[in-house]
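Okay, thanks for coming, everyone.

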Amino acid sequence: MAVVRIPLLAVDGGGTKCLAVLVDRSSQEVGIGRSGSCNYQGIGEEAASRELIAAIAQALEDAKGRNELIAQSQSQIDKQVEWEVECAVFGLAGLDTEHDRQVICGMVEKVLTSLNIRVRHLIVENDGFAALLGATGGKPGILVIAGTGSIAFGVNESQQTARAGGWGHRVGDEGSGYWIGKQAIMAVLKHADGRGEKTILKELLLPYVGLTRVDELFNWTYSSHYSVDKVAELSPLVSQASNAHDRVAQAILQAAGEELFLAVRAVIDELEMKNKPFQMILQGGVLQNDERVREIVVERVNRYASQVVIENAQNAPIYGVIAKGLAYLDSQENQANGK
């Protein structure tokens, strides 16, 4: 069996997509793989494992294609390659409690075993903390994510961290694409039975999900067609209705912005950053694409913490995962050299 040694495997697995990157000692990417959502809370352990395997396997194949020596070692011996990874860092969505950690760590270990990867040092973190590291570069800051789900992470000058929100679609994720989509469905149903204000959301939502009547929308929400991702896809329709001056849609987006601010404020207070300078990064499809929600969050935070700096330029979350792995490799090298 051919043994191939790779210094670092970095995986950023969120609720929308999964990215796996192999990195060498000079911090260069040597293999990249992509797949879909690997949040086990949303799609289940089995499906999440499949997506992890798909992304990592693609990165390994990419590494073979880029490195002629790897390809030759496999063809000459005509046996399966065993990958030996010095450090593997996984930043995964769905890691919110100790139970989640046990489930996800077990899932990751099975994935690595199935791919014949032996890891000397394994780090598993919530994907939000990895994104925070990538976005702030370790400086005091708060990362607000509103994509399919939502959460706020922060780090202060003492490197203390805090989070707020991110409790998943059933009991949290306020202000997220899923939350906005769910509010839209509720608004259509409320108007249909006389409890809610008239809204053009009905005319936008029904065709999008392939329906013609409101009662079909009710059945759809309790069918196998309903999913977190599909409901999150309705968020842009709320933005469209809001831009058309639909008051119901505008109220939904206003509430989304206020909910996201509450998460940011909780982190600011926990880390005692209100009267100190820090950067705030807005990430995720809702905050990047919906100007109204973004404006609400920025305006409310500016009023609450006067020294905040809104940072538009940011590294992708995977760079935070890579940075954490490289820091570990550097520490090991320093120990070996007696530093």
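Let's start with A10, which sits opposite V89 in strand 4. Before I go on, this is a predicted model, so local features need pLDDT of at least 70 and side-chain atom pairs count only at pLDDT 80 or more, while totals for chains, interfaces and linings use all residues. Numbering runs from 1 along each chain as its sequence is written, and side-chain values use heavy atoms, with hydrogens and water left out.

Strands here are DSSP E runs of at least two residues, helices are H or I runs of at least four, and both are numbered from the N terminus. Strand 1 covers residues 2–13, and it runs parallel to strand 4, residues 81–92, with eleven bridges joining them. Two strands pair if DSSP finds at least two bridges between them.

What about strand 2, residues 17–23? That one runs antiparallel to strand 1, with six bridges, and the two form a hairpin with three residues between them. One of the bridge partners there is C18, for G13.

So is strand 1 buried or exposed? Ten of its twelve residues are buried, so strand 1 is largely enclosed by the rest of the structure. Buried means under 20% relative accessible area, exposed over 50%, partly exposed in between, with a 1.4 Å probe and protein chains only.

Zooming out, the chain has 14 helices and ten strands. Buried residues make up 50% of its 339 residues. The C-alpha atoms fill a box of roughly 70 × 50 × 35 Å along the principal axes.
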